[in-house]
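Keep the structure open while you read.

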Amino acid sequence: MSSSQKRVLVVEDDPKASELVKLYLQRDGFSVTTAYDGLDGLNKARQEKPDLVVLDLMLPKLDGLEVCRALRRESGVPIVMLTARTTEQDKLQGLDLGADDYVTKPFSPRELVARVKAVLRRTAEESLYRGPLNVTFGELRIDYAKHLVTFGGKDVHLTPTEFRLLAALAREPGRVFSRGQLIEKVLGYDFEGSERTVDVHVLNLRRKIESDGASTRYIKSVYGMGYKLEA
């Protein structure tokens with residue numbers, strides 16, 4: 001799907017920064033809607049159902065973390081978070097809530113557009129989906145065609161990144177993937193964040209597909225190496 005068919009919601013309280021981001025995205029063919037506070041951004045995300053949300057962390061009325069948390073309770077829309085906070089812990093906090101990527105302020109608009117495109121590429125159907133359209137491991141069932149995961153017969157709501165992570169592991173059950181390999185498969189070669197990002201997404205995924213939220217029946221840690229899906 002071309003960028004001209006993609007709709008991006010930019011939630012940024014700085015009008016100049018918002019308009020600059022909008023301009024660069026529109027130049028690349030994206031349809032762009034803007035919001036200047038968290039509450040308006042959340043409402044527009046619910047009403048317009050964009051293909052991706054660019055979300056500032058520091059927002060009036062409702063901060064970016066709260067907006068991200070609310071969206072993740074009801075939507076799998078990809079989220080690129082903008083943050084002026086530079087510590088790794090601050091960045092991981094957004095990822096822990098379900099953001100797919102982050103860009104640190106001050107940023108280049110071209111860099112942001114590149115990140116938006118990268119996140120959208122990761123959520124598109126790629127070679128990751130070649131093979132059986134459905135796979136089942138005990139109570140866990142993955143429907144690649146419908147982008148759907150069920151556990152114990154109940155739908156499991158996953159973010160696009162979480163789905164790609166599970167899909168990658170499930171394509172080769174028993175194989176141990178290093179964090180670097182999972183970054184390449186799930187987050188893309190152009191991802192520049194910490195390998196700890198993989199750990200955050202694995203933790204979130206385990207909470208959703210393990211019966212008690214704490215066991216590791218399906219996704220196993222292999223000390224010093226990485227992760228595997230236990231068939």
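A salt bridge here is a side-chain nitrogen of Lys or Arg within 4 Å of a carboxyl oxygen of Asp or Glu. By that rule, the structure holds 17 salt bridges. Bear in mind that this is a predicted model, where local features need pLDDT of at least 70 and side-chain atom pairs count only at pLDDT 80 or more, while totals for chains, interfaces and linings use all residues. Residues are numbered from 1 along each chain as its sequence is written, and side-chain values use heavy atoms, with hydrogens and water left out.

Helices (H or I, at least four residues) and strands (E, at least two) are DSSP runs, numbered from the N terminus.

- Two strands count as paired if DSSP finds at least two bridges between them. An open sheet of 5 strands runs in the order β2-β1-β3-β4-β5, with parallel pairing.
- At its edges sit β2 (31–35) and β5, each pairing on one side only.
- From one strand to the next, the twist averages 20°. For angles in general, axes are lines fitted to C-alpha atoms (for helices, over the stretch in contact), and angles run from 0 to 180 degrees between N-to-C directions.
- Strand β4 (residues 79–83) pairs with β5 in the parallel sense over 4 bridges, and leucine 82 has valine 103 of β5 as its bridge partner.
- Helix α1 (residues 15–27) packs on this sheet and touches β1 (7–11) and β2, its direction making about 170° with that of β2. Contact, here and below, means heavy atoms within 4.5 Å.
- α2 also packs on the sheet, touching β1 and β2, and its direction makes about 145° with that of β2.

**α2 against α3**

- The axes of helix α2 (residues 38–48) and helix α3 (residues 64–74) come within 10 Å and cross at roughly 20°. The two are therefore roughly parallel to each other; the cut-offs are under 35 degrees for roughly parallel, over 145 for roughly antiparallel, 65 to 115 for roughly perpendicular, and oblique for the rest.
- α2 passes α3 in a right-handed crossing. A crossing is right-handed if the near helix is turned clockwise from the far one by less than a right angle, and left-handed if anticlockwise.
- On the α2 side, Gly38, Leu42, Ala45 and Arg46 make the contact; on the α3 side, Val67, Ala70, Leu71 and Glu74 do.
- Sorted by class, that contact has 5 nonpolar, 1 polar and 2 charged residues. Nonpolar covers Ala, Val, Leu, Ile, Met, Phe, Trp, Tyr, Cys and Pro, charged covers Asp, Glu, Lys and Arg, and the others, Gly among them, are polar.
- Glutamate 74 forms a salt bridge with arginine 46, with the closest N and O atoms 2.7 Å apart. Glutamate 74 is in helix α3 and arginine 46 in helix α2, so this pair ties together parts that are 28 residues apart in sequence.

- A second open sheet has 4 strands in the order β6-β7-β8-β9, and the pairing is antiparallel.
- Its edge strands are β6 (134–137) and β9 (154–156), each pairing on one side only, and the twist averages 25° from one strand to the next.
- Strands β7 (residues 140–143) and β8 (residues 148–151) run antiparallel and are joined by 4 bridges; isoleucine 142 has valine 149 of β8 as its bridge partner.
- α6 lies across β6, β7 and β8, running at about 105° to β7.

**α6 and its helix neighbours**

- Helix α6 (residues 160–171) packs with helix α7 (residues 179–187) at about 120°, their axes 9 Å apart. That makes α6 oblique to α7, and their crossing is right-handed.
- With helix α8 (residues 196–209), α6 packs at about 85°, the axes 10 Å apart, so α6 and α8 are roughly perpendicular to each other.
- The α6 and α8 contact residues divide into 5 nonpolar, 3 polar and 2 charged.

**Backbone spots to check**

- The peptide bond from lysine 105 to proline 106 is cis, with omega near -5°. Proline 106 lies in the loop between β5 (101–104) and α5 (109–123).
- Lysine 49 has a positive phi of about 50° although it is not a glycine; its place is in the loop between α2 and β3 (52–56).
- In the hairpin of β10 and β11, with 3 residues between the strands, glycine 224 takes a positive phi near 75°.
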